[in-house]
Structure formats: C-alpha cells, structure tokens
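Here are my notes on this one, as numbered points. Have the model open while you read.

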Amino acid sequence: MKKNVFLFFLALFGFLVTGCQNNESGFPSSDNPTVVVSTKEIYGAPSRKFEIKAALADDLGLKSVEIQIPELSLDKVISFKTDPLLKTYDLSYFFEVPANRGTSESFKIKLVITDVSGNVVNEEINLRLDGEFAPPSITMITPKEGAVILLSTSNEMPVNFVVNDDSGIDYIQVKCEALGIDEMIQLTDSPQSYTFNKTYTLPVTAADYVLTITAKDKFAIPNTGSLNVNIVATNEYPAIYLCDQPKGTNLTTDAVGVPMYFHEKDGQDFEFKYYADKDNKEVYFLGQESDFAPHCFGLNAAGELVDDVTSTAIILPTKGYYKIKVNPNTLKYTVEKYTPTSKVWADVANGLWHDDAAQRKPFVSVCGGGIDGANWDTWNAWVVTKLHLANNASNPYQLVGEYTLTGTLEATFTGQWWDPSWRLIKNGIATMSPGENGNAKYPAAPGVYKVVLDTELERVFITKK
C-alpha cells in the first residue's frame, strides 16, 4: 500500500514537471505563423550579395526566424522581443556568396519561423549561383555625347550604336521627346549583340536635344541599361577645341582639359593659347569635345584647313607657347609663337606656411573633393604633402603633380589661405583668384592621374596615368 501511494505521487510529480516544461513560454496556444517569400528562386553569384525577403506574421506573436544554408555555413537566428509581442515582421537579410563557390552550384535556403506558442513553420527558397546582373552595354558610335550637328551643312542626324548582353537582348528603345522619336525594337531569338543604324531629320532651327537609348535583356530577372546623349543642333559652333592627341584616342578617359577649350571667341573666330611641349607638335581642332567625329579640322594634301576626319595634323614646328586663331566657317587659321610675360611661380616645392606673410614662402597644393587626401581646408592642403605641386623643370609656367581621384572632382589649387589660388571652373579653365566663382564638377573614373596647372594658359590638364 505504501509502495502504491509512493508510485502515485511520483507519477503526479512527473506529470506536473512535464506540464510546466510544455508551457514554459507562458503563452496560450495559437495558430501557426505564416510566411510569404518575395520569390521562390534567388539568383546569386560568387562574391556577390543577395537578399532574402519574406513577410512573417503570427496571430499571437513571433518568437524567431532562423536562416540556414548549411553548405555555405549560414545559420543566422533573429530573435524578437516579446514585450510587446511582434505580430508582423518584414525579413530583409543580405548574404554574400563565398568567392570559392562555382556558378553552376545551387542550394536550398531554409527559413524556420517559430511563434511564442512554440509553433514552427519551415519554408525553402532555391538559390542559384548562375545569376547575370550586368545591364546591357550600349556603345555609341554616333552621335557621341555633346555632339555638334551643324545645320548649315546638314540637318540629318545619323544614330548608330551597338548593344551587347550575355543573356540576350529583349528590346531596344530610341527616344527623343523634342523630336517626336519613340522607336521600340522588339528582338526575336534574344541576340547577344545588336547594331542600330538609322538617320533622323532635324528641324532647321537651332536647339539642344537629349537622345535616350534604353535596352533590356532576357535574363530571368531582367536588367535594363540606359544612356542619355546630349546633342547640339546649331548654325554656328558654340565652341572649338584644340586636340593634341593622336586620332583614335578615347577623349573621355581623362578628367579635365583634353581636348582644350578655346580662350577667346568673336563670332566664329576662335583664339587659343597653347604650349607645345616638343618640336613638331601635332594638333587638330574639333567641333565637339568627346570625339574626333563628326567635325575634325586639319589639313588636306594642299595644306589647306578642311573639316574632314581623314585630314592630317597641323604641325607646330618648335617647342614653346603659341597663339592660334581658327575660323571653322571660313576654314582659315593663323599660328604665332610668343613669349609669356605673366608671373612665374617659382620654387613652390620649397614653400613655407607662416602666419607672418613676410616669412611665408608660396606653395601650391589643392583643396576640393574627389581627390584622395583633400578637403576644403588650406591647412590640410599644406600638411598632406602628396597633394603639393612642383615646378616643371622644362617650363616655368607649369606646376605638376599626381593625384589619386576617387570620384566626381572639384578643385581649387591653392597656397596658404587661398594665396595664391586658381579655381577650376568649367571646361578646364583655372582662373586665378579673385576670378570667376563656382567650382565645376568633373566626373572621373577612380585612379591615378597626372596633373598639370599651366598658369600662363590658365588651364588645368588632369590626365589618366
């Protein structure tokens, strides 16, 4: 009898303990949590992040969500507070695929959602590593950015570009609202390359236009690429540029000053000052900034100035400074060598910062943005010695150096407390302060650049090294 009583109380104790363990959450029973994933298949790639998105909900409250990819060593638990209870949660979790995984691999992403009542729901998402994320590339042949179409010669605008995409091209759109152009080309068989070539007729009145090229690929999650091309249709040239680069050079690689903007303009008479850094320097004049076509002024076989992309270069016979005048309408030009008389900023590499102006020695550094190590403080320009310019041993009017550019460039080349200083404004012009206000912004690919500040020309040349 005593044994039976003992067994009865032992069983009751066990039941009570078990009951407490089953209800340790302290929350009543509830329905299972729900999960709605944004997609059942995610595309990723080695060394690339992907996002796991899902909407979680529970009628009483969520406790946790676990994200698992065992093969990629991912086991992430996100726990939620229970005071107050959280009934909904928008999951957004980023994960980078290890670099050593292959593009042919695929995995299961497992989501384990638990609510405060102990209910558990599992959800799986397929992960593929053969994703293609690059938008279609658009290569303009003509017109290039900033192209000038001279209406007095022709009002036709040839549009020629090539689109490439690894996953195949779905469609191409050419659009210019001001010209009433809206052309959609739906491609069959998803070609990886497509060439567009068509000529449009412009109104005879001068105007600026923006041509928009859009291309969409055929990847499972489509990518779209777009390119805007600014075009100037005019009866006269708004600008002429001097170019000392060989034909075929990519004129959009450098950050500032190539080709060089004119100095003076009177009607269609353009005047340049230019420094030839060697004998027999070859130069051309261009009607647009970004390319040798369509307007390239050089010499024909008779030595006459012509607007022809096949023309030969004008030769400046000896090293030194020149004044050059050119008229693209009359096709006349003159070249005159001269000796500068502007101030020479000598020995700037041995500058000295000093509060007493009498004991100060000028230095030239830079303040600005998009330049590694630079800001807008002239003290910083002094202490960060890699920003200092030095005299060009072969030309006393040039200060030279190297900068690492990190993005969009703004600059004022300066000494202590902006004395002396040259503000880099539009078109590579560097006016000595006090001068024209407003530092211009120049897009530049990150990298190391050679810097030349020509104090005689009041021009800056920042060219990719």
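1. Terms first: strands (E, at least two residues) are DSSP runs, numbered from the N terminus. A pocket, on a 1 Å grid over the protein atoms alone, is an open set of points where a 1.4 Å probe fits, with protein on both sides within 12 Å along at least five of seven lines; lining residues have an atom within 4 Å of a point.

2. Bear in mind that this is a predicted model: local features need pLDDT of at least 70, side-chain atom pairs count only at pLDDT 80 or more, and totals for chains, interfaces and linings use all residues. Numbering runs from 1 along each chain as its sequence is written, and side-chain values use heavy atoms, with hydrogens and water left out.

3. Strand E9 (137-142) and strand E16 (224-234) each give at least two residues to the lining of the largest pocket. E16 has the largest share, four residues.

4. Now the rings, which pair if their centres lie within 6.5 Å (Phe, Tyr, and the six-membered ring of Trp); planes under 30 degrees apart are stacked, over 60 edge-to-face, the rest tilted. There are 18 aromatic pairs in the structure. Phe 262 and Phe 270 make an edge-to-face pair, because their planes meet at 75°, with centres 5.2 Å apart.

5. Both partners are buried (under 20% relative accessible area, 1.4 Å probe, protein chains only): Phe 262 at 8% and Phe 270 at 1%.

6. Elsewhere, ring pairs join Trp 353, Phe 363, Trp 379, Trp 382 and Trp 417 into a cluster.

How values were computed: Buried means under 20% relative accessible area, exposed over 50%, partly exposed in between (1.4 Å probe, protein chains only).
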